[in-house]
Amino acid sequence: MADPAAFAFARSDFPEGFVFGAATAAYQIEGARFGGAGPCHWDSFAATPGNVVRAEDGATACDHYHRWEADLDLMRDAGLDAYRFSMSWARVMPEGRGAVNREGLDFYDRLVDGMLARGLQPWATLYHWELPSALSDLGGWRNRDIAGWFADYVTLVMRRVGDRIHAAAPVNEPWCVAWLGHFLGLHAPGFRDIRAAARAMHHVLLAHGTAIQAMRALGHGNLGAVLNFEYAAPVDDSAAARQAARLYDAIYNRWFAGGIFAQSYPEAALAGLEPHMPANWQDDFATIGEKLDWVGINYYTRKLIAADPASPWPRLREVPGPLPKTDMGWEIYPDGLYHFLTWLSRVAAPRLPIYVTENGLAAATPREDVERIAFLDAHVAAARRAMAQGVDLRGYFVWSLLDNYEWAAGYEKRFGLVHVDFDTLERQPKASYHALRAALAG
Ligand code: FCB
C-alpha cells in the first residue's frame, strides 16, 4: 500500500532540468507595516466590515521582511530549485508613482542575492495585488493610465534586480485582479460593477503588455504570464447549462489566454462586456500580445455551473459540487489540470513552454498533513500524464511555502508546506515539506 506520508513521485521521474519550486506573494508574507511601504488597496479593503474574515490584513503577515533568510534556508533545505516570489509596488513606490522607497528596493536586492547564494532561481512576479492606494484613488485598474504607471514601476525594479532574475511575469492572475475584484467584489477594490470590471479586464492585459515591453527594452528574457484557470463543468446535460459553463470558461480562462496568445477576446464574453469596454480597446492587441517565452498556470479547482436566466448577464451561477473539498470549499479535481495543460499546449499557446506556477490546497491537518500530500501527488500525476502526451511542461511550483494571509479568508486557511504560528511567527515544517524533500532527493 502507498505510504500516506510520502509522495509517489521522485525527481528522477522528471526530465533533467525540470524545475521544482515554491511560490509566495509579498502582501501575503512580508508584513506591509515594515520598511516604509505605502498603503495599498488591500489595507483599506480589509479595514471595511464584511470583506475579510476577522478583518485581518497583511500588516504583519509572516514577518518575512525580517525572517527572509530563514525562509530561504527552508527552501534550500527542501531541495527546491526555484522560488517564485513577488515584489510589492507599494513597498517600492509608496505613492505608486514618483518617490522611491530605497529601503524597499534594498530589500528585494538582498532577497534576490539570498536566493542565488542558496542555489534558488529567482522567479519574480511584479504585481501580486497590492495596488498603491494613491493609484486606487485615481481609479486603479479602471484607469487606462495604469498601463504606463505599471511599466514605470517595472522598469524601476528591474533596473535594480533584473540582472539576477531568472524569470519574470508582470501580473499574477489577471482574472482575480479584474473579475474577482471588480465584478464579484470579493477581492480589493471590492467593486460589483460591470463597467468597472470590463475596464479592468482590458487594462490588466494592457498593463501586462506594457510591462513586457518595458522589460524587453531593458534587455530581459525569459518573460511569461501567470494565468489562473478553473475548469467549468455544466451542472447537467441541458443545453442551457452547457452554454453557461462555456461562458464561464470564456470569462475566466479564454479571455486572458485569448488576449495574449490570439489577440482577441472570446465572442461569448464580449457579448456582455463590449458595451462597457474602454474606447478603442481593439487597438491594444499588439501590446497585449507581445511575444512571451513561457506561460504559467495556476490551478486549484473546478466549478459546476448552472444557467440563471432570471439574473442579468452573464446569467449563470455556481452550484456546490459532489467531489471532496479542501478547506476553501474547492472541489479537488486533478483532471482539470491535465485539461488545461493539454489545451494550452495544443490549442491556446502551441509550443510555448509551460510551468505550473501555483498548485496547492488549504488544509488544517496539523501533523500528518496527509491531505496535502495526497492533493499534490494527484496533481503531479496529472501533470505527468500531460507530459506523457507531449506537453512541454518544464516546472512545478507548490502554493505555498508558508501558511500566510489568504486574502479575504484572512489567516484561517493554511496553504503552507511550513506551518506558521501567527502569534509567535514560529515556522514548523509539515509532513508535506519533509515528504517533498525526500521526493526531490530520491
Ligand atoms: C491564488 C493566488 C494566491 C493564493 C492562492 C490560494 O489565486 O495567486 O495568492 O491566494 O490562490
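I take a crossing as left-handed if the near helix is turned anticlockwise from the far one by less than a right angle, and as right-handed if clockwise. Helix 10 passes helix 13 in a right-handed crossing.

**Entry 1: ground rules.** I am working on a predicted model, where local features need pLDDT of at least 70, side-chain atom pairs count only at pLDDT 80 or more, and totals for chains, interfaces and linings use all residues. I number residues from 1 along each chain as its sequence is written, and side-chain values use heavy atoms, with hydrogens and water left out.

**Entry 2: helix 10 and helix 13.** I take helices (H or I, at least four residues) and strands (E, at least two) as DSSP runs, numbered from the N terminus. Axes are lines fitted to C-alpha atoms, for helices over the stretch in contact, and angles run from 0 to 180 degrees between N-to-C directions. Helix 13 covers residues 334-348. Its axis and that of helix 10 come within 12 Å and cross at roughly 40°. I class angles under 35 degrees as roughly parallel, over 145 as roughly antiparallel, 65 to 115 as roughly perpendicular and the rest as oblique. Helix 10 and helix 13 are therefore oblique to each other.

Which residues make the contact? I list Asp249, Asn253, Arg254, Ala257 and Phe261 from helix 10, and Phe340, Trp343 and Ala348 from helix 13. Contact here means heavy atoms within 4.5 Å. For classes, Ala, Val, Leu, Ile, Met, Phe, Trp, Tyr, Cys and Pro count as nonpolar, Asp, Glu, Lys and Arg as charged, and the others, Gly among them, as polar. The contact of helix 10 with helix 13 has five nonpolar, one polar and two charged residues.

**Entry 3: helix 9 and helix 10.** I turned to helix 9 (residues 194-217) and helix 10 (residues 239-262). They pack at an angle of about 40°, with their axes 11 Å apart. That makes helix 9 oblique to helix 10. Helix 9 passes helix 10 in a right-handed crossing. From helix 9, I find Met201, Val204, Leu205 and His208 meeting Ile251, Trp255, Phe256, Gly259 and Ile260 in helix 10. The residues of this contact divide into seven nonpolar, two polar and no charged.

**Entry 4: helix 8 and helix 9.** Helix 8 (residues 174-182) packs with helix 9 at an angle of about 170°, with the axes 8 Å apart. That makes helix 8 roughly antiparallel to helix 9. Pro174, Val177, Ala178, Trp179 and His182 in helix 8 meet Ala196, Ala197, Ala200, Met201 and Val204 in helix 9. I count the classes for helix 8 with helix 9 as nine nonpolar, one polar and no charged.

**Entry 5: cores.** I define a nonpolar core as a set of buried Ala, Val, Leu, Ile, Met, Phe, Trp, Tyr and Cys residues joined through side-chain atoms within 4.5 Å. Buried means under 20% relative accessible area, exposed over 50%, partly exposed in between (1.4 Å probe, protein chains only). Which members of the largest core touch the most others? Of its 147 residues, they are Trp42, Trp89, Phe150, Tyr153, Trp255 and Leu341. Apart from that core lies another, of 15 residues, including Ala23, Ala167, Val226 and Tyr300.

I then looked up Trp42. Leaving aside its neighbours within four places in sequence, Trp42 is in contact with Tyr27, Val52, Trp129, His187, Ala188, Tyr405, Trp407 and Ala408.

**Entry 6: backbone checks.** Most residues other than glycine have a negative phi, and most peptide bonds are trans. Trp129 has a positive phi of about 95° although it is not a glycine. Trp129 sits in the loop between strand 3 (121-127) and helix 6 (133-137). Trp129 is buried, with a relative accessible area of 6%. Asn280 has a positive phi of about 60°, and it is not a glycine either. At 52% relative accessibility, Asn280 counts as exposed.

I also noted a cis peptide bond joining Trp313 and Pro314, with omega about 10°. Pro314 lies in the loop between strand 6 and strand 7 (316-319). The bond from Trp399 to Ser400 is cis, with omega near 15°.

**Entry 7: Asn298.** Is Asn298 buried or exposed? Asn298 is buried, with a relative accessible area of 0%. Its place is in strand 6 (residues 294-307). Asn298 and Leu227 are 71 residues apart in sequence and 6.1 Å apart in space, C-alpha to C-alpha.
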